[in-house]
Amino acid sequence: MGCNEAREWMSLRLDGQLEAAEEGQLSEHLRGCPSCALEWSHWQELDGLLRTAPAMAPPEGLLALVMERLRQQRARQIAGSLVVIGLQVTGLGVLVLGAVAYCLHGLAPVLSQVPYLVPAARFAAAHLLMVAGVLGEAIGVLMRVAVSSRSALLALAYALLAAGVMAAWLRVVFRRRPAARGPAGA
Amino acid sequence: MRDERTLLQQALTGDDTAFASLVAAFQGPVYNLCYRLLGTPMEAEEAAQETFLRVYRRLHTYDQAQKLSSWILAIAAHYCVDRLRRRRRVVGLPVEEVLPRQPQEEEMAAAPEERLLHHERQKEIQDLLAHLPEGYRTVIVLRYWYDASYEEMAEMLGTSVSAIKSRLHRAREVLAAWLGERRASLAAAGPGRDVARDGLQ
């Protein structure tokens, strides 16, 4: 047996993984090789040191801290869920308001509606509903133009565009979902 | 006391008392693992908290075939190893590294001389572990403080049994070499007795 192999077996011996015959071979090598014998004494000392190492008591209040952080985490999840629901309602609102605007107004050129979009962008944060209303109206105008031109192709294009926008919107909204899901809801 | 599996099922349905019982049952092992891997009580406490939050978030992914303790300890070990890797990228020692360690309840109950001895032993062990890269440190800690088998360690760390054997062997080789050097320099005695040890760090 070579010294390298002997060293590999030392580790296995400490874990009780050597067969009786292998134990004998290793012992024989150690008897005839002073450098491996010295190393083995260090391995044994190390093993003893680690085996008898005292355990640490966990700090008092660890449990209470974990439960407190858990409650905070849940409160954040609920807030996150409310934001998600808000975004969904807004998204649907835009389409509904578009339809309403289409029903309530007569025909008007698309360009005359553009100035509405400027203040809408300016107050976007504070007047989310207004933005939704104006955007809805703009969509309504697009629909009216599409219908007044009596072009079935344009109407179809609008329908496809609206579906695409809605799908993209829902994708954005639902991507936030996994972060807001706790095990209790799984 | 309800058994761990029942507690886990109840925690899954949102029962906080059941989850608190699980934390109470595993806080000792988790805290000790974090302490051995990270080396400071402050970091260990924070890591133990983070471990339990992760456990809570992943309760629904727990595979009943696995031992619950192994599953929880694996989450703690992975978190600590990530933390050690991040720490390695930061230059300089964290503040808590140089702060004296607060004595724990267990030690406070002991007589002063025993407490000192306990403190010295802990320090010696942490000095030893500090010589190991995180991958080796993890197997040593799991082997000695958790009596984990090669197979359990392989499952927990997502690697093979032969990789575990070789890591344990390498880790012991590094530690025994350090211990040998230290013993030799202590035998030489004198005021500069820790030179060999410092040179190794």
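## Contact of helices α1 and α3 in chain A

In this predicted model, helix α1 of chain A meets helix α3 of chain A through A:Cys3, A:Ala6, A:Arg7, A:Met10, A:Ser11, A:Arg13 and A:Leu14 on the α1(A) side, with A:Cys36, A:Glu39, A:Trp40, A:Trp43, A:Asp47 and A:Arg51 on the α3(A) side. Sorted by class, the residues of this contact comprise 7 nonpolar, 1 polar and 5 charged.

Helix α1(A) covers residues 3-14 and helix α3(A) covers residues 34-51, and their axes come within 11 Å of each other while crossing at roughly 20 degrees. Because angles under 35 degrees count as roughly parallel, α1(A) and α3(A) are described as roughly parallel to each other. The crossing of α1(A) with α3(A) is right-handed.

## Contact of helices α2 and α3 in chain A

Helix α3(A) also has a contact with helix α2 of chain A, in which A:His29, A:Leu30 and A:Gly32 of α2(A) meet A:Pro34, A:Cys36, A:Ala37 and A:Trp40 of α3(A). The residues of this contact divide into 5 nonpolar and 2 polar, with no charged residues. A:Cys36 and A:Trp40 are listed on the α3(A) side of the contact with α1(A), and A:Cys36 and A:Trp40 are likewise listed on the α3(A) side of the contact with α2(A).

The axis of α2(A), a helix of residues 20-32, comes within 5 Å of the axis of α3(A), and the two cross at roughly 115 degrees. This angle makes α2(A) roughly perpendicular to α3(A), since the range from 65 to 115 degrees counts as roughly perpendicular.

## Aromatic pairs

Over all chains, the structure holds 3 aromatic pairs. One of them joins B:Phe19 and B:Tyr56, whose rings lie 5.0 Å apart from centre to centre with 75 degrees between their planes, an edge-to-face arrangement.

Another pair is formed by B:Tyr31 and B:Tyr35, whose ring centres are 6.5 Å apart and whose planes stand at 15 degrees, so the pair is stacked. B:Tyr31 and B:Tyr35 are 4 residues apart in helix α2 of chain B, which means that about one helical turn separates them. B:Tyr31 has a relative accessible area of 1% and is therefore buried, and B:Tyr35, with a relative accessible area of 3%, is buried too; the cut-off behind both assignments is a relative accessible area under 20%.

## The chains as a whole

Chain A has 7 helices and 0 strands, and its pattern along the sequence reads α-α-α-α-α-α-α. Of the 186 residues of chain A, 33% count as buried. Among the contacts in chain A with a separation of 6 or more, 70% are accounted for by residues 24 or more positions apart.

For chain B, the secondary structure comes to 11 helices and 0 strands, and the pattern along the sequence is α-α-α-α-α-α-α-α-α-α-α. Chain B has 201 residues, of which 46% count as buried. When contacts in chain B between residues at least 6 apart in sequence are considered, 59% of them join residues at least 24 apart.

Conventions:
Residues numbered from 1 in each chain as written. Chains lettered and ligands numbered in written order. Predicted model: local features only at pLDDT ≥ 70, side-chain atom pairs only at ≥ 80, totals over all residues. Heavy atoms only, no water. Phe/Tyr/Trp six-rings, centres within 6.5 Å; stacked < 30°, edge-to-face > 60°. Buried < 20%, exposed > 50% of the residue type's maximum accessible area, 1.4 Å probe, protein only. Axes fitted to C-alpha atoms, helices over the stretch in contact; angles between N-to-C directions. Parallel < 35°, antiparallel > 145°, perpendicular 65-115°, else oblique. Left-handed = near helix turned anticlockwise from the far one by under 90°. Contact = heavy atoms within 4.5 Å. Nonpolar A, V, L, I, M, F, W, Y, C, P; charged D, E, K, R; others polar.
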